[in-house]
Amino acid sequence: MGGGNQFWGLPEHPHTPYYRTFETAVDADAHLYEFVVPMVPPTWNERERVEEYVARMEQGTVSTAVAVSTLDVCQPAVSFGDDPSVHWGLTHFLLDGHHKLEAAATAGRPVRLLSLLALGEGLAGADDCARLPALRAQPSSARATGT
């Protein structure tokens, strides 16, 4: 996420825990990446509560979490590595459901996310935001990079 470190040639570390949840092609030159950022580190979650949600999820329960979200559409200022594409970053800032999301990640199970997209707060125009429902309905696909 973000540019690369010019000295090491590696991506910058965001210095916060996050979950990568979905990605798909926007078009031949752009790719959507989706992230969920908890407001507290997962290490602060109560283990017993996480384990309780894991057990429920293994029995088929699909829990719901709530987030406020932003969309950023950015292109690297300088090409680092083999991916000069436009990156669409859909970032969900988790408001409720920290234990549920960790349980879903641990169990490899789905979780529903009620996302309130903050229009005009990200680096994306209204037309880009309007495309999100159709892009999110596409199958997940990783960006092909490299030559």
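The following dialogue goes through the terms used for this predicted model and the values behind them.

Trainee: What is the order of the elements in the protein chain?
Mentor: From the N terminus on, they run β-β-α-β-β-α-β-α. That is three helices and five strands. Of the 147 residues, 32% count as buried.

Trainee: Why is His92 called buried?
Mentor: Its relative accessibility is 3%. Buried means under 20%, so His92 counts as buried. The residue is found in strand β4, residues 86–96.

Trainee: Which residues is His92 in contact with, leaving aside its neighbours within four places in sequence?
Mentor: They are Glu34, Phe35, Val36, Val37, Ala67, Val68, Ser69, Leu113 and Ser115.

Trainee: What makes the pair of His92 and Ser69 a polar contact?
Mentor: The two side chains make the contact at 2.5 Å. The cut-off for a pair of N or O atoms is 3.5 Å, and the pair is within it.

Trainee: Phe93 lies in strand β4 too. Why is Phe93 called partly exposed?
Mentor: Its relative accessible area is 29%. Partly exposed is the class between buried, under 20%, and exposed, over 50%, so Phe93 belongs there. Leaving aside neighbours within four places in sequence, Phe93 is in contact with Val37, Met39, Val66, Ala67, Val68 and Thr70. The C-alpha atoms of Phe93 and Met39 are separated by 6.8 Å, although the two residues are 54 apart along the chain.

Trainee: How do you know that Arg136 and Glu34 form a salt bridge?
Mentor: Their closest N and O atoms are 3.2 Å apart. The limit between a side-chain nitrogen of Lys or Arg and a carboxyl oxygen of Asp or Glu is 4 Å, so the pair qualifies.

Trainee: Where in the chain are the two partners, Arg136 and Glu34?
Mentor: Arg136 is in helix α3, residues 126–137, and Glu34 is in strand β2, 102 residues apart, so the pair links distant parts of the chain. As for cover, Glu34 counts as buried at 6% relative accessibility, whereas Arg136 is partly exposed at 35%.

Trainee: What makes Glu102 and Arg47 a salt bridge, and what does the pair tie together?
Mentor: The side chains meet at 2.6 Å, N to O, and the limit is 4 Å. Glu102 lies in helix α2 and Arg47 in helix α1, so the pair ties together parts that are 55 residues apart in sequence. Glu102 counts as buried at 12%, and Arg47 as partly exposed at 35%.

Trainee: How many salt bridges does the rule give?
Mentor: The count comes to four. Another of them joins Arg20 and Glu23, with the closest N and O atoms 3.3 Å apart. Glu23 counts as buried, its relative accessibility being 17%.

Trainee: Why is helix α2 described as mostly covered?
Mentor: Seven of the ten residues of α2, which spans residues 98–107, are buried, and buried means under 20% relative accessible area. The buried residues are His98, His99, Lys100, Leu101, Glu102, Ala103 and Ala104.

Trainee: What do the buried residues of α2 pack against?
Mentor: They pack against β1 (19–27), β2 (30–38), α1 (47–58), β3 (64–74) and β4. After α2 comes Gly108, with a positive phi near 65 degrees.

Trainee: Which residues make the nonpolar surface patch?
Mentor: Met39, Val68, Leu95, Leu114 and Leu116 make it, with an area of about 450 Å².

Definitions and conventions
Residues numbered from 1 in each chain as written. Predicted model: local features only at pLDDT ≥ 70, side-chain atom pairs only at ≥ 80, totals over all residues. Heavy atoms only, no water. Patch = residues over 30% accessible without salt bridge, like charges linked within 9 Å, V, L, I, M, F, W, Y side chains within 5 Å. Areas by Shrake-Rupley, 256 points an atom, 1.4 Å probe, with all protein chains shown as cover. Helix = DSSP H or I, 4+ residues; strand = E, 2+ residues; numbered from the N terminus. Buried < 20%, exposed > 50% of the residue type's maximum accessible area, 1.4 Å probe, protein only. Polar contact = N/O pair within 3.5 Å; in protein donor to acceptor, adjacent residues only side chain to side chain. Contact = heavy atoms within 4.5 Å.
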